[in-house]
Amino acid sequence: MRNLAAGNWKMNGVSTDLAQLRALVEAHPAPNCDILLCPPATLIARMADLAAGSALMLGGQDCHKDETGAHTGDISAQMLKDAGASHVIVGHSERRADHGESDAIVLAKAQAALSAGLVAIVCVGETEAQRDAGRTLDVIGAQLAGSLPAQLDCAPSDLVIAYEPVWAIGTGRTPTIDEVGAVHAFMRAKLLDRFGEPAQEMRLLYGGSVKPSNAAEIFAAPEVNGALVGGASLKADDFGPIVAALGRA
Ligand code: PGA
């Protein structure tokens, strides 16, 4: 299984930032890992044109559970695919917090993504209070139970899980390698329980303050098959070394 370096631009990026994509593609013509950028939806189609013929893939940051309809401001999985996306992030903690997205909503979005032929990147992660209370694995277990389909009706590679401790996102703080490894091993065991042996082929990403300086160390943790990178994915000079580290891991 190849590692996946996924960049989440969040609400950042206008046309002048397309230069970052060009730089990334030029610096990594034949990467040893898969590379995905999830820019704001406004940039997906233009990035898809620029990335054509390269190894770089594009994704959305969210999708609606419905294909079409009266949902002002929302974007469906079909629309993302039509714009050139192959992946979509669902259940990011910022959406769970800012938009009140429950596990049930995240599940519906993941199913919509898979039905549209997109790879769904389902995010889970505990808050600082939950970690301090010793509830990390309970929280992750419940989020996995509620946010994932009951059966794996897709290729195992079409469902990706991103473990992103809420307290590590954008803070510069990261869990220890042992802490990352413990959560990832727990997630793999839960997925094997639920989906059987194919779950061995599902990628588990770590996200939260991944930087060029800590990437190699984090990627050495067991059961880490890639990263979901926020701030450090905005500049090719930062994301490039992370891509390189994942290619070596
Ligand atoms: P960060 O964000 O890398 O800026 O901490 C990660 C994420 O939220 O996906």
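I began with the second largest pocket, which is lined by 15 residues; Gly 170, Gly 208, Ser 209, Gly 230 and Gly 231 lie nearest its centre. A pocket here is an open set of points, on a 1 Å grid over the protein atoms alone, where a 1.4 Å probe fits, with protein on both sides within 12 Å along at least five of seven lines; lining residues have an atom within 4 Å of a point.

The model is predicted: local features need pLDDT of at least 70, side-chain atom pairs count only at pLDDT 80 or more, and totals for chains, interfaces and linings use all residues. Residues are numbered from 1 along each chain as its sequence is written, and side-chain values use heavy atoms, without hydrogens and water.

I looked up the lining of this second pocket by class and found five nonpolar, seven polar and three charged residues. Gly counts as polar in this scheme.

Next I turned to the largest pocket. I noted 20 lining residues, with Lys 10, Met 11, Gln 61, Asp 62 and Arg 95 nearest the centre. Seven of the lining residues are nonpolar, seven polar and six charged.

Then I checked the nonpolar cores, sets of buried residues (under 20% relative accessible area, 1.4 Å probe, protein chains only) joined through side-chain atoms within 4.5 Å. The largest has 64 residues, and Ile 161 and Phe 219 have the most contacts inside it. Another core, of 12 residues, lies apart from it and includes Cys 38, Cys 123, Val 160 and Ala 162.

Last, I listed partners of Phe 219 beyond four places in sequence, in contact meaning heavy atoms within 4.5 Å. Among them are Val 210, Val 224, Ile 242 and Leu 246.

Note on methods
Buried means under 20% relative accessible area, exposed over 50%, partly exposed in between (1.4 Å probe, protein chains only).
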